[in-house]
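Me: I would like to go through this structure step by step. Could you begin with the terms and then move on to the details?

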Amino acid sequence: MSTKNDVDVVTFCWTDEYVVIFCDNICINFITKNGRGQPFRWRDIQDQFADKAGKKCHFKSLKNKYDAMKKDWRLWKYLKIGETGLGWNSTTGKLDYDWWARKIKEKPEAKKFRCKGLSPLVEEKWDHLFRDVVATREGCVAPSLTMDQES
């Protein structure tokens, strides 16, 4: 079964390697050339991805993956920097804390990161793609803290 674009209509199996190719060789290059304000041209990106990855993926799957990555990046940053004193343990590859039950209750989608976090390379690519675009608690400053206060 094929679509008009000769891409089999099957679920694409995303590996970290494909995610890095998609982020680095496709999305980041597009943003570098065209700026953040330009919408992606998903049909063109579909061809570029097939060339770089050696595997075809429907353009709608690419757009859905981009949207899902942005959502997962927000969640990941929330988990990593959401509370003071918690951090990433690169030795175990997990977030170190005993409050998973509460976090999963707050955000059920966080379950996916409980046993396996992001690879450092994927996290680096996602930071490059989304850091300046999405509001997080990281790097936030209250206006009252930046004003010069005269006595």
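Reply: Helices (H or I, at least four residues) and strands (E, at least two) are DSSP runs, numbered from the N terminus. The protein has 6 helices and 2 strands. This is a predicted model, in which local features need pLDDT of at least 70, side-chain atom pairs count only at pLDDT 80 or more, and totals for chains, interfaces and linings use all residues. Residues are numbered from 1 along each chain as its sequence is written, and side-chain values use heavy atoms, with hydrogens and water left out.

Me: What pattern does the protein follow along the sequence?

Reply: The pattern is α-α-α-β-β-α-α-α.

Me: And how many of the 151 residues are buried, as a percentage?

Reply: Buried residues account for 35% of the 151 residues. Here buried means under 20% relative accessible area, exposed means over 50%, and partly exposed lies in between (1.4 Å probe, protein chains only).

Me: Let us turn to helix 3. Is lysine 60 buried or exposed?

Reply: Lysine 60 is exposed, because its relative accessible area is 53%. It belongs to helix 3, which covers residues 59–81.

Me: What about leucine 62, buried or exposed?

Reply: Leucine 62, also a residue of helix 3, counts as buried because its relative accessibility is 0%.

Me: Which residues is leucine 62 in contact with, leaving aside its neighbours within four places in sequence?

Reply: Leucine 62 is in contact with Trp14, Phe22, Trp42, Ile45, Gln46, Phe49 and Cys57, once those neighbours within four places are left aside. Contact means heavy atoms within 4.5 Å. For phenylalanine 49, which is 13 residues away along the chain, the C-alpha separation from leucine 62 is 8.9 Å.

Me: How are helix 2 and helix 3 placed, then?

Reply: The axes of helix 2 (residues 42–53) and helix 3 come within 8 Å and cross at roughly 95°. Helix 2 and helix 3 are therefore roughly perpendicular. Trp42, Arg43, Ile45, Gln46 and Phe49 of helix 2 make the contact with Phe59, Leu62, Lys63 and Tyr66 of helix 3. Axes are lines fitted to C-alpha atoms, for helices over the stretch in contact, and angles run from 0 to 180 degrees between N-to-C directions. Angles under 35 degrees count as roughly parallel, over 145 as roughly antiparallel, 65 to 115 as roughly perpendicular, and the rest as oblique.

Me: At what angle do helix 3 and helix 5 pack?

Reply: Helix 3 and helix 5 (residues 120–130) pack at about 105°, with axes 10 Å apart. This pair is therefore also roughly perpendicular. Among the residues making the contact are Tyr66, Trp73 and Trp76 of helix 3, and Trp126 and Phe130 of helix 5.

Me: Which residues of helix 5 are buried?

Reply: They are Val122, Glu123, Lys125, Trp126, Asp127, Leu129 and Phe130. Helix 1 and helix 3 are included in what covers these buried residues.

Me: One last topic: which residues lie nearest the centre of the largest pocket?

Reply: Asp16, Lys65, Phe113, Leu118 and Trp126 lie nearest its centre, and 14 residues line the pocket. Helix 1 (16–34), helix 3 and helix 5 each give two or more residues to this lining. On a 1 Å grid over the protein atoms alone, a pocket is an open set of points where a 1.4 Å probe fits, with protein on both sides within 12 Å along at least five of seven lines, and lining residues have an atom within 4 Å of a point.
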